Amino acid sequence: MTSLRQPALTFLAAATLAAALSGCAPLIIGGAALGTMVTIDRRTPGIQIEDESIELRGASALRQVLADRAHVNITSYNRQVLLTGEVPSEQDKQAAEQAVSRVENVKGLVNEIAVMGNSTLAQRSSDTLVTGKVKASLVDAKDLSVGAFKVVTERGTVFLMGRVSQREAERATQITRTIGGVLRVVRIFEIISDEELRRLSPQQSGSVKL
């Protein structure tokens, strides 16, 4: 996820993840140590890079149309883009959607930006905590592949993204709804068949990026 005001965080997160994976230290996600557990991303390496590129180019496009009068986050998973945050007017909300929809290789866009004042630092800190708890709970679930999911939280609403089977979608939703601080769960999944899931399983490689 790339924030309109903090695009450099993407590079920081990527660098931190790369450093963790290059050594023997356990990977920490939401306060849970993964250690030697293999975590899988069902996107190809090329699509993972493309998603990061979409986020960076989208953030640049948003800065051009919104300047510093809004708080907007952009998250891309398998070229499906989610916009969250706050803008002062409906016109700004539509301008943000149009700007990002023109970014090359965007396959689809879900606009969940709210027309309201910017969220407070306390609210954003709470959202970060909720995201961490959701990720940790998905790690703890032995019947889910944590790398299949991307988690975003905005003002207590948790957005779940990923390439998952119908069973995985229902299970992850059920888990998320039981977590304290979660007000609503929005699913933005690409549902795959059980046959495709079996086909992907022995071929999956790479690291998780929630």
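## A glutamate and its surroundings

In this predicted model, E50 lies in helix 2. The relative accessibility of E50 is 19%, and since residues under 20% count as buried, E50 is classed as buried. Two polar contacts of its side chain may be noted: one of 2.7 Å to the side chain of R57, and one of 3.1 Å to the side chain of N105. When neighbours within four places in sequence are set aside, the residues in contact with E50 are R57, R79, E104 and N105.

## Confidence of the model

The average pLDDT of the protein chain is 85, and 79% of the residues score at least 70. Over residues 6-38 the pLDDT stays under 50. For that stretch the model has 37 contacts beyond four places in sequence.

## Salt bridges

The structure contains 13 salt bridges.

| Pair | Distance, N to O |
|---|---|
| R42 and E168 | 2.8 Å |
| D92 and R69 | 2.9 Å |
| R163 and E196 | 2.6 Å |

What does the salt bridge between R42 and E168 tie together? R42 belongs to the loop between strand 3 (32-33) and helix 2 (45-66), while E168 belongs to helix 5 (residues 166-177), so the pair joins parts that are 126 residues apart in sequence. Both partners are buried: R42 has a relative accessibility of 6%, and E168 has a relative accessible area of 3%.

The salt bridge between D92 and R69 has a distance of 2.9 Å. Because D92 is in helix 3 (residues 90-101) and R69 is in the loop between helix 2 and strand 4 (71-77), this pair ties together parts that are 23 residues apart in sequence. D92 is buried, at 8% relative accessibility, whereas R69 is partly exposed, with a relative accessible area of 40%.

In the salt bridge between R163 and E196, the closest N and O atoms are 2.6 Å apart. This pair links distant parts of the chain, with R163 in strand 9 (residues 157-164) and E196 in helix 6 (residues 194-200), 33 residues apart. The relative accessible area of R163 is 11%, which makes it buried; that of E196 is 22%, which makes it partly exposed. These two residues also belong to a network of salt bridges that links R163, E190, E196 and R199.

## Nonpolar cores

The largest nonpolar core has 20 residues. Those with the most contacts inside this core are V134, L138, L144, F149, V158, L160 and V182. Two or more residues each are given to the core by helix 4 (121-140), strand 8 (149-154), strand 9, helix 5 and strand 10 (184-191). Helix 4 supplies the largest share, four residues.

Which residues are in contact with L144, leaving aside its neighbours within four places in sequence? They are L138, F149, R167, E168, R171, A172 and I175. Two of the residues named here, L138 and F149, are also among those with the most contacts inside the core, and E168 is the salt-bridge partner of R42.

Another core, of 15 residues, lies apart from the largest one. Its members include I54, L66, V87 and V106.

Key
Residues are numbered from 1 along each chain as its sequence is written. This is a predicted model: local features need pLDDT of at least 70, side-chain atom pairs count only at pLDDT 80 or more; totals for chains, interfaces and linings use all residues. Side-chain values use heavy atoms; hydrogens and water are left out. A salt bridge is a side-chain nitrogen of Lys or Arg within 4 Å of a carboxyl oxygen of Asp or Glu. Buried means under 20% relative accessible area, exposed over 50%, partly exposed in between (1.4 Å probe, protein chains only). A polar contact is a pair of N or O atoms within 3.5 Å; within protein, one must be able to donate a hydrogen and the other to accept it, and residues adjacent in sequence count only if both atoms are side-chain atoms. Contact means heavy atoms within 4.5 Å. pLDDT is the predictor's confidence in each residue, from 0 to 100. A nonpolar core is a set of buried Ala, Val, Leu, Ile, Met, Phe, Trp, Tyr and Cys residues joined through side-chain atoms within 4.5 Å.
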